[in-house]
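Welcome! Have a look at the protein below, and then we will walk through some of its features together.

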Amino acid sequence: MTLILSRSDVLDLLSLPECIDAVERAFRLHAEGRSLGPGVLSVPAAGGGFHIKAAGLLGERGYFAAKTNANFSENPRRWGLPTIQGTIVLADAANGTPLAVIESGSVTALRTGAATAVAAKFLARPDARTATIVGCGVQGEIQLAAITAVLPLQRVMLFDIDHTRAESLAARAAGKNGVRLEAIKDLQAALRGSDVCVTCTTARRAFLQQNDVVPGTFIAAVGADNPEKQELEPALLASATLVVDVLYQCAEIGELHHALAANLLRREQVHAELAEVVAGRRPGPHARGRDHDLRQLRDRAAGRRGRGRGV
């Protein structure tokens, strides 16, 4: 029998802390060669697009999962629909039997936040106290919960081109994360005082410049999930210790894609994949009894020399 899980089922069954633990384990298994190689297919459409992502886990009981997501940023305004909609099909990797069909928007949101949390855990400075989040939609709220779950933050500044969204998130999340939240209008001033920066927007032109970020800042660049999207100036990546989720994917659709196209970076200059850092196969910049990573970018990842994270 194939299990059907709705959005409410997923949110009832999977918490963000559980997802963070699972994502960290998945990165470690990937570094150990115990996963099926991930694959991505993107299909553009008017006003948005579709992408298919597939991967699997090897072992005594192996699993294969394929996610099909539609991403249409104008959906909330035009139709009252979520930006991201889709499904995940989970199958037995040994014989192909379908095991579950799962609503993917909720899983995508949690997994994206969890990946940032894992990157921050291994790449940000252990004494990070101040962060800036750029983009205060659904993903911005999850990113806020994610970074405060793994870092001893005391202050988080929230920026959005629609300032009311930043104010709304600050009010909605007040008291939940044990940190002081502030909706701000001067992004550059906020960045000068931040140890961590998370960008989670739909921007198609870089808004974070090399000179905006002080050395040692950990940057998690989340938004560039297709070749047309961009949040970071390529020169910023070139000045950073760069850690990526999956190198070949980021080289085609992440922030790294733009730096390569501008001839400011070569693939060989990428410091590591996040899985290598999690598994202890490549060093991170800030050791806490284990290796940590980097003015760090996580692409789906980005950062600058001194601290950072990959996206």
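## A first look

A search of the whole structure turns up zero disulfides, a disulfide being a pair of cysteine sulfur atoms within 2.5 Å. C136 is in no disulfide, and the nearest cysteine sulfur, that of C200, is 7.2 Å away. Please keep in mind that this is a predicted model, in which local features need pLDDT of at least 70, side-chain atom pairs count only at pLDDT 80 or more, and totals for chains, interfaces and linings use all residues. Residues are numbered from 1 along each chain as its sequence is written, and side-chain values use heavy atoms, with hydrogens and water left out.

**The two cysteines**

- C136 is buried, with a relative accessible area of 3%; here buried means under 20% relative accessible area, exposed means over 50%, and partly exposed lies in between (1.4 Å probe, protein chains only).
- C200 is buried too, with a relative accessible area of 13%.

**Salt bridges**

- How many salt bridges does a search of the whole structure find? There are 13, where a salt bridge is a side-chain nitrogen of Lys or Arg within 4 Å of a carboxyl oxygen of Asp or Glu.
- As background, side chains of opposite charge can pair when their charged atoms come close.
- R28 forms a salt bridge with E24, and their closest N and O atoms are 3.4 Å apart.
- R28 and E24 are separated by about one helical turn, because they sit four residues apart in helix α2 (residues 16-31); helices (H or I, at least four residues) and strands (E, at least two) are DSSP runs, numbered from the N terminus.
- R28 is partly exposed at a relative accessible area of 28%, whereas E24 is buried at 8%.
- D92 forms a salt bridge with R61, with the closest N and O atoms 3.2 Å apart.
- This pair links distant parts of the chain: D92 belongs to strand β5 (residues 84-92), R61 to the loop between β3 and β4 (63-71), and the two are 31 residues apart.
- D92 is buried, with a relative accessible area of 11%, while R61 counts as partly exposed at 43% relative accessibility.
- R155 forms a salt bridge with E182, and here the closest N and O atoms are 2.7 Å apart.
- Distant parts of the chain are linked by this pair as well, with R155 in strand β8 (residues 155-159) and E182 in strand β9 (residues 180-183), 27 residues apart.
- Both partners are partly exposed: R155 has a relative accessible area of 25%, and E182 has 26%.
- Salt bridges that share partners join E24, R28 and K121 into one network.

**A buried lysine**

- K67 has its place in strand β4.
- K67 is buried yet has no salt bridge, and the nearest side chain of opposite charge, D225, is 8.4 Å away. For charges, Lys and Arg count as positive and Asp and Glu as negative, while His and the chain ends are not counted.
- Which residue's side chain does a polar contact of 3.1 Å join to that of K67? The partner is T108. A polar contact is a pair of N or O atoms within 3.5 Å; within protein, one must be able to donate a hydrogen and the other to accept it, and residues adjacent in sequence count only if both atoms are side-chain atoms.

**A nonpolar patch on the surface**

- L41, V43, F50 and I52 form a nonpolar patch on the surface, with about 320 Å² of accessible area together. Patches are made of residues with over 30% relative accessible area and no salt bridge, joining like charges within 9 Å and nonpolar side chains (Val, Leu, Ile, Met, Phe, Trp, Tyr) within 5 Å. Accessible areas come from the Shrake-Rupley method with a 1.4 Å probe, and for residues only the protein chains shown count as cover.
- Strands β2 (35-45) and β3 (48-57) each supply at least two residues of the patch.
- F50 lies in strand β3 and is partly exposed, with a relative accessible area of 37%.

**Two exposed loop residues**

- R281 is placed in the loop between α11 (274-278) and β16 (296-299), and R281 is exposed, with a relative accessible area of 53%.
- N263 is found in the loop between α10 (255-261) and β15 (272-273) and counts as exposed at 69% relative accessibility.
- Phi of N263 is near 60°, a positive value in a residue other than glycine. Most residues other than glycine have a negative phi.
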